[in-house]
Amino acid sequence: MPAFALLIGARIASLNLCTDEYLLLLARPREIASVSFLSQDRAESPLWQQARRYPANRGSIEDVLTRRPDVMLTMGGGGRATRLIAARLDIRPVELKAPNSLDDVAINLRTVAALLGEPRRAAPWLDKLAQLQRSRPATSKDALWLSGGGQMLAPGSIGAQWLRLAGLSQRGLPGGRADLETMLVRPPAVLVVSNYRSAQVSSGQRWLDHPIVRQAKARRLTAEGRRWTCLGPLMIGEIERLRAAAR
Amino acid sequence: MNRSIALLSAALVVLMVVHLVVPLAPLLELRRTDPGLATLLLTEIRMPRTLLAAGYGAVLGTTGAALQATFANPLASPDITGSSSGAALGAVLGGYWLGISDPLALAAFGAGGAGLALVALLLLAGRRSDSAALLLAGVAIALAAGAATSLLLALAPSPFAFYDSFEWLMGSFVDRSLAQAAAALIPAGLACALLARRARALDLLALGEDVAASLGFPPRRVALEVVALSAVAVGACVSVCGAIGFVGLIAPYAARRVSRGHPGRALLPAAPIGALLLVVADLAVRFAPAGRVIPVGMLTTIVGTPLLIWLVTGMRRTTTRRFAP
Amino acid sequence: MTSLLKALGVALDGRLNPTDLDLEPGSLVALIGPNGSGKTSLLRALAGVEISRGQVIIAGEDAALAPPARRPSLLSFLPASRDLVWPIRVRDLIALGLVRADSKRIAELLDQLELDAVADRPASELSTGERARVLLARALAPSPQLLLLDEPLSNLDPYWVLQTLGLLRETVTGGCAALVSLHDIDRVEAFDRVLLADHGKIVADLSPGAMLASSELARAFRIERGTSGWRVSRS
C-alpha cells in the first residue's frame, strides 16, 4: 500500500466516474471538491442524487481549479498531462488503478480513505468485501453476463471474479461475444442481463430484445448495469443481491 | 503579400488573446480570490492550449502547402495523405504499448509514423499522379492507420486506452502541459522554418519537374525533404494533440489566394491562416452544450468536408477547360 | 571561336548513347528524328534534368557544378508539356524564370509574344497555344546562354510558328545558342544546322538543304522525297 501522508480535512476532486465512486462512498460532504459530470447522470451512476450536491467537472483540471482541491483523483487519461499540471498547481495528483482484481478494489479503498485522513473509513467496505470472498459458494452455475450487443465479461477478468462471488461462473465464448446461435443451442443455466441504458435505443439493446435472447431457456437475472461500468465498491451490494437471487 | 501576412498575423494575435482568456468568468473570479492561482491557470493550463492550437494550425497550414506543391495537387494535405493518421498510430504504439511517456520521444514516434505513411503514399500513388489516385491512396492509408490505431488502443494493456481513441483520432488541446507544447512546437517550428526555405524550389515545381530539375532543384530530393520535414512537424504535433483534419487542406488554398497562385510562396501565409482556423475552431468547441465534449477535429471535419467537395468540383471544371483547344 | 556548348560523352542508359556536341554562339540548331529516337533524352541530359554520364560545359562553365542561383543565366529548358496545375497569372509565371524581379523584361516579353491582353489572367485557364507562348516567354526571360527547347512549335498556328522562329533567330543573334527539337521536318530551313537523331544516336549533322536530301533522313524516317513532296519509302 502506498504511503500517503495523512491529510486531515483534505478536499478531494475526482475527475473520473470510477474514482467518483470511492470519493462519494468514503468522503464527507465538505471533503468533496468536485465529481465528474457522469456521476450526476442517472443513467450512469446509482449515486447520482448524492453526486448532484457537488460541482461537476468535465474531466479537465481547469474545471476543478476554482474549487481549490488538495488532491485530485484520476484513472487513465492517456495523452493528457493532467497529473503533471496538477502537481505544478500544488494539487496532489493521485492515480487510482483501474482494478484488475478484487484486491485492487481494496487497495483503492484504502488509498482514498488514507487521503481523507481516516484509514478506518474504508473498514466497513473492506470487511464486507472480505466476508463476500470468504463466503464464496463452493459450486457455481454456468452463467453468461450480457450487456448490449452480446458483450460479455472475459473469464478471469475482474468482472468474472465478482460474478464468481455470486456463485455464477462466466462461460468463455470464442470472440468474447455471445451470439444468437449459442443462445439457442447452448444457453447457460443462468443469464445475467445488464439493464444499462435499457430504455434507450441502441443497436446493442436491439440485440438484447431479439426473440431468441428473450426466450432463451435460462434462468434470468438482471444486473444493475451502472455498477458494472467501474466494477468497484458498488459491486459489493450488487453481488450480495445476485447471490441471493441465484440460489 | 507582405501586407496580407501582417494583417493575418495581427488578427491571429488578437484571437489568441481571446482564446487565452475565454471563459472569462472563472479567470476573473480566481483573480479576485487567489491571484497567484489565476496566473498559474493562465500559464499552466490556458497558455499551452492556446500555443498548441495556434502552433498546430500553423504547422498544418505550412505542411499542407508544401505537400500540395510537391504533389502538384491542391487536394494533398497531412490528413488526406494519411500522414496525420500515421502519426497517431506511431504515438499510440509508443505511448500505450512501449510505455513511452517522454513527450519528445513520443514526438519522434509520431514523426516516424507520419513518415512511413507518406512513404507508403509515394509508393502507392507516385509523386505526380492525378487527383483520384492521390485521394484514394491517401484515404486508404488514413483509414488503415486509423483502424490500426483503434485496434492498438482497444487491445492496449490500459483499460482506458480505448476511450482515449477519440482524442487521438479527432484531436484535443485539453490539459496539455507546457512541456508537451514545447516538445511538439519546437521541433515542428524548426521543421517548418526549414520547409519555408524551400519556397523557391516549390514555386519552380509549378513549371514542371523537368524545369525544376534543370534549374538545380531535383524534384526527387525536394520531395524527400518535404516529406521528411512534414513528417517531423506533423508527427510532433499529433503525438501531443491527436490528428486534426482539413485545416491542412483549407489553409493552403486560402494562402494561395494571398500568394497569387504560387504554391511555394504560399507556405508563409499558410501558417497564420492555419493558426487562425484552428484557434477559432477550438474557441467554438469550448461553447459546446453542457456535458458533451466535441473534439476539435470533429468541427474541422464538419466545416471542411463541404469545402473539400466544393474544391473537387471546382477542379473538375478547370480540367475540362484546360484541355480546350 | 570557342564553343558556347561543349558536350562530351553525354549518355543516358538505354536511351542515349554517348554523344559529343559542339554549339557555336549565335547558332540556331534543329534536332529532328522519329519518335523515340532520343531527341528529348538529349535535351534533358544537356539540361541536367537527369544525371547523365559525360560532361556538359556551357560558356566555359561545367553545368553540373553550377548552383541554382547561377543556372538560369546559363541555360533554359522548355519541356514539351503544356500542363499547368496552379492558377498563376501569366506575368507571374514569366517572372518565375527570372532570378531578380525585372518588370521591363517581362513587359518586353509580353509584347513580343503578344500576351498583353492576357497578362493578368491565370495561365492555366488559357488555350494550349497561349500557354505555349507563356512558357516560351518564361524560358527566354533570363536571357540564358543556351536554350534547350523541346518541340516549342507544336500547338502553334502558322502565324506563331513563324513569329517564334523569328524571335529565336533574334535571340541567338545576341550571342547565345539554341537547340530546338522539331516534329515538322519542313521547318528546318529556318535553322543554321540540323542534327538527326535515331535510336539514341546522332546519325547526321548537316545543313538544312543537305539534311532534307540525305539518305540518313530517308532511312531514319522511312520516307523519301518525291516530285510533289514526301512519301513513304518503298524499299
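The area buried between chain C and chain B is about 2400 Å² in this predicted model, and carbon and sulfur atoms account for 60% of that area. Buried area here is the accessible area (1.4 Å probe) that two parts lose on being put together, summed over both. The size of an interface is often given as the accessible area lost when the parts come together. The model is predicted, with pLDDT of at least 70 needed for local features and 80 or more for side-chain atom pairs, while totals for chains, interfaces and linings use all residues; side-chain values use heavy atoms, with hydrogens and water left out. Residues are numbered from 1 along each chain as its sequence is written, and chains are lettered from A and ligands numbered from 1 in the order in which they are written.

**Chain C against chain B**

Chain C puts 28 residues into the contact, and chain B puts in 28 residues; contact means heavy atoms within 4.5 Å. Four residue pairs between chain C and chain B are in polar contact, both residues being at pLDDT 80 or more. A polar contact is a pair of N or O atoms within 3.5 Å; within protein, one must be able to donate a hydrogen and the other to accept it, and residues adjacent in sequence count only if both atoms are side-chain atoms. On the side of chain C that touches chain B, the elements giving two or more residues are α1 (39–47), α2 (71–74), β6 (75–78), α3 (90–95) and α5 (128–140) of chain C. Of these, α5(C) gives the most, with four residues. Helices (H or I, at least four residues) and strands (E, at least two) are DSSP runs, numbered from the N terminus. By class, that side of chain C has 16 nonpolar, four polar and eight charged residues. Ala, Val, Leu, Ile, Met, Phe, Trp, Tyr, Cys and Pro count as nonpolar, Asp, Glu, Lys and Arg as charged, and the others, Gly among them, as polar.

The interface of chain C and chain B has two salt bridges by the rule, which asks for a side-chain nitrogen of Lys or Arg within 4 Å of a carboxyl oxygen of Asp or Glu. B:R260 forms a salt bridge with C:D92.

**Chain B against chain A**

Chain B and chain A bury about 2200 Å² between them, with 59% of it on carbon and sulfur atoms. B:E44, B:F160 and B:D175 supply 28% of the area that chain B buries against chain A, more than any other three residues. The contact takes 31 residues from chain B and 23 residues from chain A. Four salt bridges are found across this interface, and seven residue pairs between chain B and chain A are in polar contact. The elements that give two or more residues to the side of chain B that touches chain A are α2 (24–33), α3 (35–70) and α7 (161–170) of chain B. The largest share, six residues, comes from α3(B). That side of chain B has 16 nonpolar, five polar and 10 charged residues.

**Salt bridges**

Over all chains the structure holds 34 salt bridges. The table lists some of them.

| Residue pair | N to O distance |
|---|---|
| B:R260 and C:D92 | 3.0 Å |
| B:R46 and A:E62 | 2.6 Å |
| A:R171 and A:D142 | 2.9 Å |
| C:D22 and C:K6 | 3.3 Å |
| C:E108 and C:R105 | 3.4 Å |

A:R171 forms a salt bridge with A:D142. A:R171 lies in the loop between β7 (168–170) and α8 (180–185) of chain A and A:D142 in strand β6 (residues 141–146) of chain A, so the pair ties together parts that are 29 residues apart in sequence. A:R171 is buried, at 10% relative accessibility, whereas A:D142 is partly exposed, at 29%. Buried means under 20% relative accessible area, exposed over 50%, and partly exposed in between (1.4 Å probe, protein chains only).

In chain C, the side chains of C:D22 and C:K6 meet in a salt bridge. C:D22 is in strand β2 (residues 16–23) and C:K6 in strand β1 (residues 5–12) of chain C, 16 residues apart. C:D22 has a relative accessible area of 30% and C:K6 one of 36%.

C:E108 and C:R105 are three residues apart in helix α4 (residues 103–112) of chain C, and are therefore separated by about one helical turn. C:E108 is partly exposed, at 40%, and C:R105 is buried, at 15%.

**Chain B as a whole**

Chain B has 14 helices and zero strands. Of its 325 residues, 57% count as buried.
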